[in-house]
Each structure stands twice: as structure tokens, then as C-alpha cells.
Amino acid sequence: MFTEEEKAALYKVIYTRRDIRTFLSHPVPSETVIKLLDAAHHAPSVGFMQPWNFILVTSNEIKSRLAWAADKERRALAIHYEGERETQFLSLKVEGLKQAPLTICITSDPTRGGSHVLGRNSMPETDILSTACAIQNMWLAACAEGLAMGWVSFYKKNDIRDILDIPPHIDPIALMSIGYTDNYPAIPILESANWETRKSLRNLIYNDKWGNLV
């Protein structure tokens with residue numbers, strides 16, 4: 001059982017967590033990094049396969065190469081947007097990859113646990129879903145520790161494999177920039193930029209069958 005204060009703290013972290021793009025150069029204590037990784041490692045995984053690995057990147061040279069890979073893909077994706085939306089999309093910072101003192105590449109191993117993992121036989125993508133749970137655990141833990149974290153999700157996977165010497169069968173799911181910031185927004189960055197508005201929860205809940213609003 002949890003106290004009302006403990007429950008309130010949990011929801012505060014959930015609602016406070018943000019995707020951050022600007023970081024200070026202050027190093028993150030190693031014991032705090034271990035806490036974040038341990039939180040991630042305690043995420044649920046289908047068939048208890050625990051498909052994740054964590055590559056800690058502190059080398060400025062490697063971080064610059066990762067930023068190059070992300071920036072290359074960002075510019076390629078910009079052709080899908082026009083006018084103000086294109087400007088907004090191009091303004092998304094990949095500089096955070098170079099600014100943050102630490103970047104963690106979280107990977108997923110689709111072979112872990114063998115060819116007959118409980119649950120994955122029916123839904124092969126559950127290894128990626130399990131890794132996403134680990135990322136969310138890490139993100140919430142970072143928020144609770146007063147750290148900022150940014151998820152870079154646009155890059156060619158083979159670029160990241162080449163830069164970090166990741167085997168071809170391993171999936172680089174996310175690049176997470178981690179550090180301290182003096183610019184922690186009250187609402188999500190894309191929301192404040194009018195990229196999108198938060199959808200009404202009540203319009204997303206159906207009863208018994210698709211489309212039957214509660």
C-alpha cells in the first residue's frame with residue numbers, strides 16, 4: 001500500500017516529465033546514472049526477456065557523430081512539412097546530443113530468450129514494446145532525480161549501428177540525452193510551439209467496441 005503523499009508524488013512525476021532539448025554541461029553523478037539504469041532494468045518485459053542494453057556515451061567525438069546522424073535525418077524528414085510547420089520542424093534541436101554530458105543508446109535484442117519467448121511468439125514486436133517500458137522507467141526516474149532527458153528518435157538505424165559498433169541484428173531504439181537544464185518547461189515543447197494540442201481523453205475511450213464512446 002502507498003500513502004496519499006507517495007501516490008501524489010508518482011502522479012507529479014508523470015505529469016512533470018518533459019522531453020528536453022537544451023542542457024547544461026554539469027556532469028551527472030555516476031551513482032545517479034546507475035539509479036536510472038536500475039529503474040529501466042526493472043521495467044516489465046514480455047516473457048521476462050529483458051531485451052535491453054544500455055550504451056553510455058560521454059565521448060564528445062562520438063556525441064558529435066550521433067548529432068550528425070540525427071541532423072541528417074531531420075533535414076530529410078523536413079520535406080514532409082511546409083511553411084511554418086517546416087520551420088518549426090527544422091528548429092527542433094539536435095544540439096542536445098552534443099550539449100548533454102551523457103547520451104544513452106537503448107537497444108533491443110530480438111533474439112534474447114531464444115526463438116520461443118512467452119508472448120513474443122504471437123506478437124514479435126513485444127521486444128520493442130518492452131524496451132519502451134524501460135525507457136519510460138528511466139525517464140520518470142530522471143525527472144524524480146531533477147534531471148532533464150531528451151529522446152532523439154529520428155536517425156537511420158544503420159548510422160547508429162556504425163557509430164556505436166552495434167551488431168546488425170540489434171535494434172537501436174532510442175538515443176536519450178541526459179543532464180541538467182535551466183530551461184525545464186511547464187508544458188511539452190511541441191505543445192507550447194502550437195505543433196499540436198492535447199487530445200480530450202474522453203474522446204479516446206470506447207466501451208465494448210471501437211467507436212462506441214463512453
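Which residues of α3 meet which residues of α7? Ile62, Arg65, Leu66, Trp68, Ala69 and Lys72 in α3 meet Asp159, Ile160, Ile163 and Leu164 in α7, where a contact requires heavy atoms within 4.5 Å.

Before I continue, a word on conventions. The model is predicted, so that local features need pLDDT of at least 70 and side-chain atom pairs count only at pLDDT 80 or more, while totals for chains, interfaces and linings use all residues. Residues are numbered from 1 along each chain as its sequence is written, and side-chain values use heavy atoms, with hydrogens and water left out.

Let me begin with helix packing. Helices here are DSSP runs of H or I with at least four residues, strands are runs of E with at least two, and both are numbered from the N terminus. Two packed helices are described by the angle between their axes and the distance between the axes. The axes are lines fitted to C-alpha atoms, for helices over the stretch in contact, and the angles run from 0 to 180 degrees between N-to-C directions.

Helix α3 spans residues 60–77 and helix α7 spans residues 157–164; their axes come within 10 Å and cross at roughly 170 degrees. The two helices are therefore roughly antiparallel. The terms are as follows: under 35 degrees is roughly parallel, over 145 roughly antiparallel, 65 to 115 roughly perpendicular, and the rest oblique. The residues of this contact divide into seven nonpolar, no polar and three charged. Nonpolar covers Ala, Val, Leu, Ile, Met, Phe, Trp, Tyr, Cys and Pro; charged covers Asp, Glu, Lys and Arg; the others, Gly among them, are polar.

Val13, Ile14 and Thr16 of α1 make the contact with Leu140, Cys143 and Ala144 of α6. By class, this contact has five nonpolar residues, one polar and no charged.

I remain with helix α6, residues 126–144, which includes asparagine 137. Is asparagine 137 buried, partly exposed or exposed? Its relative accessible area is 26%, so asparagine 137 is partly exposed; buried means under 20%, exposed over 50%, and partly exposed in between, for a 1.4 Å probe and protein chains only. Leaving aside neighbours within four places in sequence, asparagine 137 is in contact with Ala39, Ala40, His42 and Ala43.

Next, the aromatic rings. Rings of Phe, Tyr and Trp (its six-membered ring) pair if their centres lie within 6.5 Å; planes under 30 degrees apart are stacked, over 60 edge-to-face, and the rest tilted. The count comes to four aromatic pairs. For tryptophan 139 and tryptophan 151, the ring centres are 5.9 Å apart and the planes stand at 55 degrees, so this pair is tilted. The pair links distant parts of the chain, with tryptophan 139 in helix α6 and tryptophan 151, twelve residues apart from it, in strand β3 (residues 148–152). Tryptophan 139 is buried at 8% relative accessibility, whereas tryptophan 151 is partly exposed at 23%. Arginine 17 lies over the face of tryptophan 139, 4.3 Å from the ring centre; the criterion is NZ of Lys or CZ of Arg within 6 Å of the centre and within 35 degrees of the ring normal.

Finally, helix α2, residues 30–41, contains threonine 32. Threonine 32 is buried at 10% relative accessibility and touches Glu145 and Leu147, not counting residues up to four places away in sequence. Serine 30, also in helix α2, is exposed at 54%.
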